[in-house]
Amino acid sequence: MSNSFKYYSPTSVEETIEVLKKCNESTCVLAGGTDLIVKLKKHMIDPENIVNLKKVDELNYIEEKDGIVKIGAMTTHSQIEQSPLINGKAAILAEACRHVGSTQIRNLGTIGGNIMNSSAAADSVAALTALDASFVMIGSSGERTVSMDQLHGKSGNVIRDKDEILKEIFFKSLNGSTVSGFKKLGRRSALAIVVVSIGIVLENDPRKNTCKNIRISLGGISRNPSRAKAAEQFLIGREINIKNIKGCLDKVSEFTVDNLEKSPFKNLIPHKRYAVKGIGMEVFERICKR
Ligand SMILES: Cc1cc2nc3c(=O)[nH]c(=O)nc-3n(C[C@H](O)[C@H](O)[C@H](O)COP(=O)(O)OP(=O)(O)OC[C@H]3O[C@@H](n4cnc5c(N)ncnc54)[C@H](O)[C@@H]3O)c2cc1C
């Protein structure tokens, strides 16, 4: 690792933005360090400045107000997976955070770092896609809120100004008739591109046992987690039974193949087209019992 960088450790968001404003383009924000330190050690990056957010306590919170769950960017995966609020109002996110690396990685790694690292295999991002989350970025020109669709640029990286940080993630709390779940196949530490994951948020109409609304996200099939919208449309309005769930998962599989056809990973089609159906069925079976 190069020792030539300048190190800053601000204690508030305001101070962080002042520091970032003064620093040049060759600056990295540091959160838990589980992605960034690896890149520094492997000399994949060589920044002139590092701005550590560890002492910015105001970025660490989980709260709910007026039916909206809000999570500070510096909240760790462990805090999220153990939060009664998240387990009660967004089980899919608690499950996704539980899938991240090892206990040590979950204790250090933050949800903000997971999002900003822009990996195709980012577990929390797959869950946040199914939750239709929004993101608050803050910089010297103030705050801006971006939807999931607006978060990533063409390269697949999160769009961020030089003096901006991710401040908050928010989404609607799931109501009593909505169930959710997440499942991942493959180990990221083995090889990121082999990972495939599915997140499902399903609102049912209990009187008719039909699907009122559904969001299905897939991780590991494209540059960023994405929604299988044709599969969602297939199930909306239909009875929730095994035949219709299988029909929905056929669409999920078709979507997976379409995405991989356009990617450099066509060789993974024979594996992932069936894997998504298997993990999808597992999630449906689990959440439909709730
Ligand atoms: C062994 C191992 C296993 C892993 N397993 C998984 C896994 O199973 N699933 C998974 O999803 N991930 C996994 N990861 C990746 C990593 O742990 C997560 O992506 C983690 O959430 C990153 O968070 P962090 O706080 O450590 O980020 P850092 O490493 O500190 O930062 C990551 C990036 O985000 C930027 N950044 C961080 N916070 C902000 C902010 N608030 N505003 C602007 N930019 C910011 C940094 O500049 C950097 O570019 C693994 C990593 C390792 C080393």
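Helices (H or I, at least four residues) and strands (E, at least two) are DSSP runs, numbered from the N terminus. This is a predicted model, in which local features need pLDDT of at least 70 and side-chain atom pairs count only at pLDDT 80 or more, while totals for chains, interfaces and linings use all residues. Residues are numbered from 1 along each chain as its sequence is written, and side-chain values use heavy atoms, with hydrogens and water left out.

**Salt bridges**

- Side chains of opposite charge can pair when their charged atoms come close.
- With a salt bridge taken as a side-chain nitrogen of Lys or Arg within 4 Å of a carboxyl oxygen of Asp or Glu, the count comes to 13 salt bridges.
- One of them joins the side chains of lysine 89 and glutamate 64, at 3.1 Å from N to O; this pair links distant parts of the chain, since lysine 89 is in helix α4 (residues 84-89) and glutamate 64 is in strand β4, 25 residues apart.
- Lysine 89 is partly exposed because its relative accessible area is 29%, and glutamate 64 is likewise partly exposed, at 33%, where buried means under 20% relative accessible area, exposed over 50% and partly exposed in between (1.4 Å probe, protein chains only).
- Lysine 184 forms a salt bridge with aspartate 123, and their closest N and O atoms are 2.7 Å apart; lysine 184 lies in strand β9 (residues 178-185) and aspartate 123 in helix α8 (residues 123-130), so the pair ties together parts that are 61 residues apart in sequence.
- Lysine 184 counts as buried because its relative accessible area is 12%, and aspartate 123 is buried as well, with a value of 4%.
- Aspartate 205 and arginine 207 also meet through their side chains in a salt bridge, at 3.2 Å from N to O; aspartate 205 is buried at 10% relative accessibility, whereas arginine 207 is exposed at 72%.

**Negative surface patch**

- Glu14, Glu15, Glu18, Asp57 and Glu58 form a negative surface patch, where patches are made of residues with over 30% relative accessible area and no salt bridge, like charges being joined within 9 Å and nonpolar side chains (Val, Leu, Ile, Met, Phe, Trp, Tyr) within 5 Å.
- Within this patch, aspartate 57 is found in the loop between β3 (49-52) and β4 (62-65), and aspartate 57 counts as exposed because its relative accessibility is 59%.

**Cysteines**

- The structure holds 0 disulfides, a disulfide being a pair of cysteine sulfur atoms within 2.5 Å.
- Cysteine 211 is in no disulfide, and its nearest cysteine sulfur, which belongs to cysteine 248, is 7.9 Å away; cysteine 211 is buried, with a relative accessible area of 1%.
- Cysteine 248 is likewise in no disulfide, and cysteine 248 counts as buried because its relative accessibility is 0%.

**Backbone**

- Most residues other than glycine have a negative phi, and most peptide bonds are trans.
- Histidine 43, although not a glycine, has a positive phi of about 55°; histidine 43 lies in the loop between α2 (36-41) and β3 and is exposed, at 56% relative accessibility.
- Asparagine 209 is not a glycine either, yet has a positive phi of about 55°; asparagine 209 lies in the loop between β10 (196-205) and β11 (210-219) and is partly exposed, at 34% relative accessibility.

Conventions
Areas by Shrake-Rupley, 256 points an atom, 1.4 Å probe, with all protein chains shown as cover. Lys, Arg positive; Asp, Glu negative; His and termini not counted. Charge placed at Lys NZ, Arg CZ, Asp CG, Glu CD.
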